[in-house]
Amino acid sequence: MDIEQRQSELIDHFVKRASAVSDAAALASVLVEATSHPSLFAFSEILALPNVLQLEATENSAFLDMLRLFAHGTWSDYKSNADRLPQLIPDQILKLKQLTVLTLAETHKVLPYDQLMQELDVTNVRELEDFLINECMYAGIVRGKLDQLRRCFEVQFAAGRDLRPDQLGNMIQTLSNWLSTSESLLVSIQEKIKWADAMSEIDKKHRKDVEEKVEEVKKSIFKLHTVSRPTSTSEAMRRSALNLVE
């Protein structure tokens with residue numbers, strides 16, 4: 001099963017569970033379970049549930065903030081706001097560090113080891129490379145190359161995170177630009193196809209004209225050959241007759 005299908009199934013599972021819970025404490029427990037699940041990396045659908053949003057301004061609002069952190073934040077964000085958030089369990093810490101790598105990979109395809117170690121609170125290169133291999137690449141959320149000589153991680157693929165509210169406008173603009181570029185490219189391709197078709201027709205006509213001229217030349221040569229042959233025979237007979245007279 002690929003990661004997209006697994007994600008979809010897990011999202012549906014936790015959305016149904018969270019939707020069915022009316023008690024705030026029980027809902028908080030579901031949110032902790034969702035954010036610590038080893039194969040779930042998208043949370044916007046859960047975050048959009050009405051009963052989840054109703055945690056705002058309640059004694060359990062910290063769990064709503066925690067869910068927002070896993071949807072859009074990083075390990076550094078947690079450290080900066082740890083006093084206002086629930087204490088994370090080890091599985092959540094691991095998940096948030098994995099999500100931090102995805103956030104860094106959104107904008108940079110070459111991630112220096114020093115930056116990664118700082119963002120992930122990792123003390124040495126061996127620990128960092130083990131984390132990238134075992135917790136990120138084996139999990140299927142990133143693919144890339146570890147360059148020990150240059151001390152960097154070259155990102156070839158990274159799974160996308162939930163869109164932040166401020167990213168939606170940029171995403172729409174990017175898609176609009178892409179659509180406009182695609183339409184212009186399509187028009188250009190269609191014009192080239194028309195040009196190629198026209199050139200093909202011109203080439204066919206030219207070839208036909210050449211073939212017709214070749215046929216005309218052949219016919220002319222044949223006629224000349226046919227006319228010249230009797231003349232040659234008559235001349236031979238005349239010469240023979242003169243020889244006899246002599």
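Which backbone oxygen does the side chain of Thr 35 reach at 3.1 Å? That of Val 32. The side chain of Thr 35 also reaches the backbone oxygen of Leu 31, at 2.9 Å. I'm calling these polar contacts, meaning a pair of N or O atoms within 3.5 Å; within protein, one must be able to donate a hydrogen and the other to accept it, and residues adjacent in sequence count only if both atoms are side-chain atoms.

Quick housekeeping before I go on. This is a predicted model, so to speak of a local feature I need pLDDT of at least 70, and side-chain atom pairs count only at pLDDT 80 or more, while totals for chains, interfaces and linings use all residues. Residues are numbered from 1 along each chain as its sequence is written, and side-chain values use heavy atoms, with hydrogens and water left out.

Back to Thr 35. It's in helix α2, residues 24-36; helices (H or I, at least four residues) and strands (E, at least two) are DSSP runs, numbered from the N terminus. Thr 35 is buried, at 0% relative accessibility. Buried here means under 20% relative accessible area, exposed is over 50%, and partly exposed is in between, with a 1.4 Å probe and protein chains only. As for partners, leaving aside neighbours within four places in sequence, Thr 35 is in contact (heavy atoms within 4.5 Å) with Phe 43, Met 66, Leu 67, Phe 70, Gln 92 and Lys 95.

Now zoom out. The chain has 10 helices and 3 strands, and the order from the N terminus is α-α-α-α-α-α-α-β-α-α-β-β-α. Of its 246 residues, 30% count as buried. If you take contacts between residues at least 6 apart in sequence, 56% join residues at least 24 apart. The chain exposes about 16,200 Å², by the Shrake-Rupley method with a 1.4 Å probe, and carbon and sulfur atoms supply 57% of that.

On to the inside. The largest nonpolar core has 50 residues. By nonpolar core I mean a set of buried Ala, Val, Leu, Ile, Met, Phe, Trp, Tyr and Cys residues joined through side-chain atoms within 4.5 Å. The residues with the most contacts inside it are Leu 40, Ile 46, Val 52, Leu 96, Leu 128, Leu 132 and Phe 153. Take Ile 46: beyond its neighbours within four places in sequence, its contacts include Phe 14, Val 15, Ala 18, Leu 31, Leu 40 and Val 52.

Next stop, helix α8, residues 113-120. Which of its residues are buried? Tyr 113, Leu 116, Met 117 and Leu 120. Looking down the axis of α8, those buried residues fall within an arc of 100°, so they line one face of the helix; the arc is that of the directions from the helix axis to the C-beta atoms.

Most residues other than glycine have a negative phi. You'll find Ala 57 in the loop between α4 (50-53) and α5 (61-72), and it's exposed, at 74% relative accessibility.

Last, cysteines. How many disulfides are there, counting cysteine sulfur pairs within 2.5 Å? The count is 0. Cys 136 is buried, at 0%, and Cys 152 is buried too, at 3%.

Terms used
Disulfide = S-S within 2.5 Å.
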